[in-house]
Amino acid sequence: MDLHTLNTLNYEEFFEHFGNIVEKCPLISGAVWSRRPFSSALELESSVYEFIDSLPSSGQEGILRCHPDLAGKELISRTLTQESMKEQNQAGLTSLSQSERETLTLLNSQYKLKFGFPFVICAKMSDKNKIIEALRSRIQNDRVEELGTGIAEVKKICHLRLQDIFFKTCPTRL
Ligand SMILES: NC(=O)NC1=NC(=O)NC1=O
């Protein structure tokens, strides 16, 4: 997608392309649309991060709570968003053994009980073993630290989703 197109999308069209760059948080894209014109794709990405960083902790916790568990009920019931399905599949979470699934389910529940928001990690940059390892170690952290780490992972997920959108629409420009 070239810059002219990006900057001339009305907000409905902007939602079509960018509505789920942060999982189930179209409000962020709705807010960032007001920041156009963008001088680059990078500036669009920075506007998303600035919006997220400007939220109070309750708002950032809300963003984490919009994320489905990894290998959770939405994956089982096939109600994941397209983006999440692709990311979870890429990390090998659609081909877990029974014991791996049980371990992830237990750790996810313990994590949510402790923090009041789900464990979030950029699945595309990880794999099932690293995810289980990260969950085991991050559950030991305190809440403030985990909120920060979770939001950092949300930004990584957003970065890769934006790359997909821009690359998909102009694959020739490598
Ligand atoms: N709880 C999560 O970490 N969810 C996710 N990570 C991803 O990379 N995609 C998701 O949906």
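Phenylalanine 14 is buried, with a relative accessibility of 1%, where buried means under 20% relative accessible area, exposed over 50% and partly exposed in between (1.4 Å probe, protein chains only). The structure is a predicted model, in which local features need pLDDT of at least 70 and side-chain atom pairs count only at pLDDT 80 or more, while totals for chains, interfaces and linings use all residues. Residues are numbered from 1 along each chain as its sequence is written, and side-chain values use heavy atoms, with hydrogens and water left out.

Phenylalanine 18 is likewise buried, at 0% relative accessibility. Phenylalanine 14 and phenylalanine 18 both belong to helix H2, four residues apart, or about one turn of the helix; helices here are DSSP runs (H or I, at least four residues), numbered from the N terminus. An α-helix has 3.6 residues a turn, so residues three or four places apart point the same way.

Aromatic pairs were then examined. The whole structure contains nine such pairs, a pair being two rings of Phe, Tyr or Trp (its six-membered ring) with centres within 6.5 Å; planes under 30 degrees apart count as stacked, over 60 as edge-to-face and the rest as tilted. The rings of tyrosine 11 and phenylalanine 15 have centres 6.4 Å apart and planes at 85°, so this pair is edge-to-face. These two residues are also four apart in helix H2, and about one helical turn separates them. Tyrosine 11 is partly exposed, with a relative accessible area of 42%, and phenylalanine 15 is partly exposed at 30%. For phenylalanine 14 and phenylalanine 18, the ring centres lie 4.8 Å apart and the planes meet at 35°, so the pair is tilted. Ring pairs join Phe14, Phe18, Phe38 and Phe166 into a cluster.

The largest nonpolar core comprises 47 residues, and Phe14, Phe18, Val22, Leu44, Val48 and Ile131 have the most contacts inside it. Such a core is a set of buried Ala, Val, Leu, Ile, Met, Phe, Trp, Tyr and Cys residues joined through side-chain atoms within 4.5 Å. Two or more of its residues come from each of several elements, including helix H2 (11-18), helix H4 and helix H10 (143-169). The largest share, nine residues, is given by H10. At least three residues of the core come from each of domain 1 (3-62 + 163-169) and domain 2 (66-152), with bounds taken from an automatic or database domain assignment. In soluble globular proteins, nonpolar side chains tend to be buried together.

Helix H4 (residues 41-54) has 14 residues and reaches 20 Å from its first C-alpha to its last, close to the 20 Å expected at 1.5 Å a residue; the expected span is 1.5 Å times one less than the number of residues. Buried positions in H4 are Leu44, Glu45, Ser47, Val48, Tyr49 and Ile52. Leaving aside residues up to four places away in sequence, leucine 44 touches Leu6, Phe14, Phe18, Val32, Phe38, Leu162 and Phe166, contact meaning heavy atoms within 4.5 Å.

Backbone geometry was considered last. Most residues other than glycine have a negative phi, and most peptide bonds are trans. The bond from arginine 36 to proline 37 is cis, with omega near 5°, and proline 37 is located in the loop between H3 and H4. Lysine 24, in the loop between H2 and H3, has a positive phi near 55° and is partly exposed at 42% relative accessibility. Alanine 71 also has a positive phi, near 55°, but is buried, with a relative accessible area of 5%.
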